[in-house]
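Hi,

Here is the structure I promised to pass on. Have a look at it first, and then read on for what turned up when I went through it.

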Amino acid sequence: MPDWKSYAREHLPALGLSGPREREVVEELAQQLEQAYAEALADNLGPQRAAERAMAQFADWPALAAEIRRAELPVKETIARHVPEHWKLAATEQQVRTRWGGSMVADFVHDLRFAFRMLRKNWGFALLAIGMLAFGIGANSAIFTIVDTLALRPLPYHDPSGLLSIESREAHHAEQAPWISMLDLVDLRQRTQSFTALAGISPVWNDVVTGQGDAERLETLYVSADFFPTLGVQPTVGRTFTPDEDRLGAGARVVLLSYAYWQTHFGSDSLVVGRALDVNGAPFTIVGVLPRDFRYLGEPIAGTSGKINLWFPLSANQIAGTPRFVRFLKVIGRVKPGVSGVQAREDLRSAGATLAKQYPDTDAGVEWDAAPLGERISGRVRPMMLLLMGAVGLVLVMACANVANLLLTIAVSRGKEVAVRAALGASRWRLLRQFLAESFALAALGTLAGIALAYALLRLLVSAAPASLLEGRTITLDSRAMLFTVGAAIACALFSGAPPAWRILRADLANGLRETGRGFTGGHHRFRAGLVVAQISLALALLVGAALLTRGFVRLLDVNPGFDAARVATISTLLPAGVTHAPDALAMDRALLDQLAQVPGVQSAGAVSRLPLLGGNLGSWIWVEGHSYAPGEHTSVEYRVASPSYFATMGIPLRLGRAFDEHDSVNAGGVAVINDSAARAFWAGQSPIGKRIKLGANPEKQDWIMVVGVIGDVHQFGLDAQSSPEVYRPLAASPLFNPYLVVRTNGDAASLLPSLPGAVHAVSSAMPVYDSFSMAALIERSTAQRRFLLLLLAGFAASALFLAAAGIYGTISQSVAQRTQEMGLRMALGASRTNVLQMVLSQGLRLALAGILLGAAGSALLTRFVRSLLFHVSPLDPAAFAIAGVSLLAVALLACAIPALRATRVDPLVALRHE
Amino acid sequence: MQSEVKKGSAEVLILSLIEARPRHGYEIAKLIEERSGGVIEFHVASLYPMLYRLEKRGWIEGRWLEKAGQRRRRYYRLTAAGRKALPEQRRSWREFIRAIQDVAQVESA
């Protein structure tokens, strides 16, 4: 006998009833079959015929299932009969879910599956929404990754919270870079109790390595022995410095290699320890190799940390033995466990006060300060990073608003479906969850696409970002970025799903079944208008920000650097280590200038101790004749050495007197050229020509120097940095061991760069060449961070403009579509097409204007926070606000024009017949 | 209307059949077929949904009963509500039949 139960179970489609009930039905139907079969057998039919007769009773199983379902479920038959198939599906799914026992996960999975099915039905809409979310999420992930790496995450050192950056400044020269002298550091170690270690770091040093192929100039650092243990750095090979190797006055000739240098110059040979490296002509023993990912991110190498190739003990530096007034160190400290930053700072200050009493000549008026190292490091880029994060965040909010708007449109068009499902017994909560599942499904797909986009975008950004910003750090989408992305995606889903969900919660579902379904759809216009206004105001904020930065940047590029950068190229070198006497150095400097002047295409060549826009400078104290100085009072100036031809070659204008000439060389010293700022600062209202000054820490030991010329101010440290008083001495008075050479060319400066190293090597092949640029490239490099920020912000502003346009277009189109009848009626009653056009446009413009006003008010409050990024532009710059407002208005008008024109083409008759 | 008539007739039949004592599905189907002498075209397939509908409505109640040596079967009996509804159903049914007859007579006359 056939197994009728399994036969019934196999043939009856799932009913969507509870498990036990479903089994009951199967059993009952099976019995019907079984009994009919038994009876047929009794009628002497063969088993085959008997089975056929039994089966014939239930020929159409799906119809039977539908009938049973209808009977079993609390369905108003009138509704059920008119429900489209896919809505019925929804109702069934709803029941299936109940049967599964209603676990949270199963619910969620089920909701998502249904959501994906709905999205497939509306694939055009889904693609649009996913695209917008992908863009918003992708851009956010990429920017977050950069911001996180550069400004948010803790420093990659052992216990970074315990690291302090320690600085001292002269109170009346607060503008000078804070450095600490070697002797002060030694005293501080003894006189403070709060620190387990105080490590000193030299300025970036240039050392020449020979014996490894061509002489190579390398950027190096000299650090005290406790530097690496303080940061918790374990060398990859060998060891770091011992305290014995860093004894003051007896620095050992040992060297640590950077990982990159080890790879390129020693082929990652693990037996490198103990080998010698010729540095400045003397052998240094290699003691270890630093880890691959080690970068010191703090001063003095902030911005160039990837370039340091060799590390030496601080005491091995020639200026380690300099007197107390020579301040050249950066100092980091690690606080003892249990000591707070405030306590450490107090401790430091009281030690500083003791020093001031003990050494009033050098330490009186010096202020000591300590701040968390992480803050010092990320503080440089934090305003920029926060601006980027804020901007890209706004873009995401706008994308979400657009998706919310789209979802709302879809929800409204599904008003009847919602009503039917409510009538079929779906609770509000159930419907709410379904709508949220749809926005989650969108967000999930958007996130997947967004992550791919983030990868691409991040690669693009990392390759386009200025080196000074990224410092060679690896920036990848790591787990933190993924966590952020997922968080952003969930926020997107909630935010974009909220408006339709809100409508469900508030809608009059019971009346939703009426023909127009208004119970669900009514009153959404005001909400959508609100969304659009909010979008426009956000877009305005971004546009204002971009406009402010752009105007600032244009002004920055307009800044006269103080020299004529066109057709000037530069190259730097170091005299061979064997050259130690000034006359030899002078001869080599002159030979270098001669060689460069002979390079075809070169008009003139000059040399200077520090080139504009290329790193720092050491200052000097200046003593002006006729000025009486109180004890301890002194004034600092920038100090430079220049060859006679330097000013003309650079195109730095001579204001008064004369530049240096060859005569100054014979009559070594005795003369100086100053800049405008110095003239104003020291001889305001009179001519400085012929006035006398002394330089240095001990004026009584110095000869008088006469000012013979005044040149224009040069922006030495960047177009956005103020010029400070400068004094130039002639090359002959202080020959350059590390000359920065400049040439003025007949043609393109950049194309001449390859021929410059030959001229240097013609003097001595033992001299390295480096820092070879056209001056124009240097200017561009000095603005690279601002340019990068500007490009990004402009990109975000453009995206915002596009998203706002899409938002306003969508809303106006929707409104026009729903008012087709009204338009037709108006036109039938005599309204002209112009009237209709005006009506639609004014509706859009009202929204745009409201958004612009709101956005302008918000921007006015916000832009002050980016003041530090603006160059010579007020945060309330009216032009920037006007540009932003007008462009947004124009785009809004354009976005409204399309639906407005569509409205004018409404045929009154068709419109009235509609519905 | 046709289907409503059919359904109404079948419902009255079912309710009447189990008025005296509970019966199971197969029995009900068999009785309808026999008593109407084949006049009422009745599909077994529509019996069970109808039973379930009546049950949902609270007029009948199904219960699994086991008799010695037999498989358990689901027996349907009339509930109090069903008992109360039956006369009303019968009346409206008769009225309907009468109306049909009236129309039919007018037509044939």
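This is a predicted model: local features need pLDDT of at least 70, side-chain atom pairs count only at pLDDT 80 or more; totals for chains, interfaces and linings use all residues.

Strand β5(A) covers residues 216–223 and pairs with β4(A), residues 205–210, in the antiparallel sense over five bridges.

Which residue of β12(A) is the bridge partner of Leu221(A)? That would be Trp311(A).

Chain B has some strand pairing of its own. Three strands make an open sheet there, in the order β1-β3-β2, with antiparallel pairing. β1(B) (23–24) and β2(B) (60–65) are the edge strands, each pairing on one side only. Between β2(B) and β3(B) (residues 73–78), which run antiparallel, there are six bridges; Ile60(B) stands opposite Leu78(B) in that pairing.

Now the helices. In general, a packed pair is described by the angle between the two axes and the distance between them. For α2(A) and α3(A) (residues 47–56), the axes come within 8 Å and cross at roughly 140 degrees. Is that parallel or oblique? Since only angles over 145 degrees count as roughly antiparallel, α2(A) is oblique to α3(A). The crossing is right-handed. On the α2(A) side the contact is made by Leu33(A), Ala36(A), Tyr37(A), Ala40(A) and Leu41(A), and α3(A) brings in Pro47(A), Arg49(A), Ala50(A), Ala51(A), Arg53(A) and Ala54(A). By class, the residues of this contact split into nine nonpolar, no polar and two charged.

Last, where the chains meet: 14 residues of chain A are in contact with 13 residues of chain B. On the chain A side, the elements giving two or more residues are α2(A) (19–42) and α4(A) (61–72). The largest share, six residues, comes from α4(A). That side of chain A divides into five nonpolar, four polar and five charged residues.

Cheers

Methods:
Residues are numbered from 1 along each chain as its sequence is written. Chains are lettered from A and ligands numbered from 1 in the order in which they are written. Two residues are in contact if their C-beta atoms, placed from the backbone, lie within 7 Å. Helices (H or I, at least four residues) and strands (E, at least two) are DSSP runs, numbered from the N terminus. Ala, Val, Leu, Ile, Met, Phe, Trp, Tyr, Cys and Pro count as nonpolar, Asp, Glu, Lys and Arg as charged, and the others, Gly among them, as polar. Two strands pair if DSSP finds at least two bridges between them. Axes are lines fitted to C-alpha atoms, for helices over the stretch in contact, and angles run from 0 to 180 degrees between N-to-C directions. Angles under 35 degrees count as roughly parallel, over 145 as roughly antiparallel, 65 to 115 as roughly perpendicular and the rest as oblique. A crossing is left-handed if the near helix is turned anticlockwise from the far one by less than a right angle, and right-handed if clockwise.
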